[in-house]
Amino acid sequence: QAQLVESGGGSVQAGGSLRLSCAASADAYSSTCMGWFRQAPGKEREAVASLYRDGTTTYADSVKGRFTISKDNAKNTLYLQMNSLKPEDTSMYYCAAERYIWKCSITTMSGRSLDFWGQGTQVTVSS
């Protein structure tokens, strides 16, 4: 049974918005650190945003000011609100979580083999 399931991807024009959702099992949602990654064909996987259980967030410079990570505890769901989308945001987006981590940030998440991964949802932005 999948522990993280993403949805909300799609095709939009540049300047548009999308909201990605990541429905989590209770086990995955209890993680101290959750985040979003993306990977485009031929490129390395990139950490986009992280959210610590105390609400602390970090973002990649490429999305800062445009993307917002959040969660709904009543729904066990992690979100990524993406505004002012650019063609370079085109990628497969993945939700991930780590049960215990000394510091939750896109840097520390990038350097670990994380406990939970979703299957991904495709985002395509046309110019």
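This is a predicted model: local features need pLDDT of at least 70, side-chain atom pairs count only at pLDDT 80 or more; totals for chains, interfaces and linings use all residues.

Visitor: How many residues of strand β4 are buried?

Guide: Strand β4 spans residues 33-39 and is mostly covered. A residue counts as buried under 20% relative accessible area. Of the 7 residues in β4, the number buried is 6.

Visitor: Which residue in β5 stands opposite Trp36?

Guide: β4 pairs with strand β5, residues 46-52, in the antiparallel sense over 6 bridges. The two strands form a hairpin with 6 residues between them, and Gly42 in the turn has a positive phi of about 80°. Within this pairing, the residue in β5 that stands opposite Trp36 is Ala49.

Visitor: Which are the edge strands of the open sheet of 4 strands?

Guide: The order of this sheet is β1-β3-β8-β7, with antiparallel pairing. An edge strand here pairs on one side only. The edge strands are therefore, by the pairing criterion of at least two bridges, β1 (4-7) and β7 (67-72).

Visitor: By what angle are neighbouring strands of this sheet turned against each other on average?

Guide: The value is an average over neighbouring strands, with direction ignored. That angle is 20°.

Visitor: Which residue in β8 stands opposite Arg19?

Guide: Strand β3 covers residues 18-24 and strand β8 covers residues 77-82. They pair in the antiparallel sense over 6 bridges. In β8, the residue opposite Arg19 is Gln81.

Methods
Residues are numbered from 1 along each chain as its sequence is written. Side-chain values use heavy atoms; hydrogens and water are left out. Buried means under 20% relative accessible area, exposed over 50%, partly exposed in between (1.4 Å probe, protein chains only). Axes are lines fitted to C-alpha atoms, for helices over the stretch in contact, and angles run from 0 to 180 degrees between N-to-C directions.
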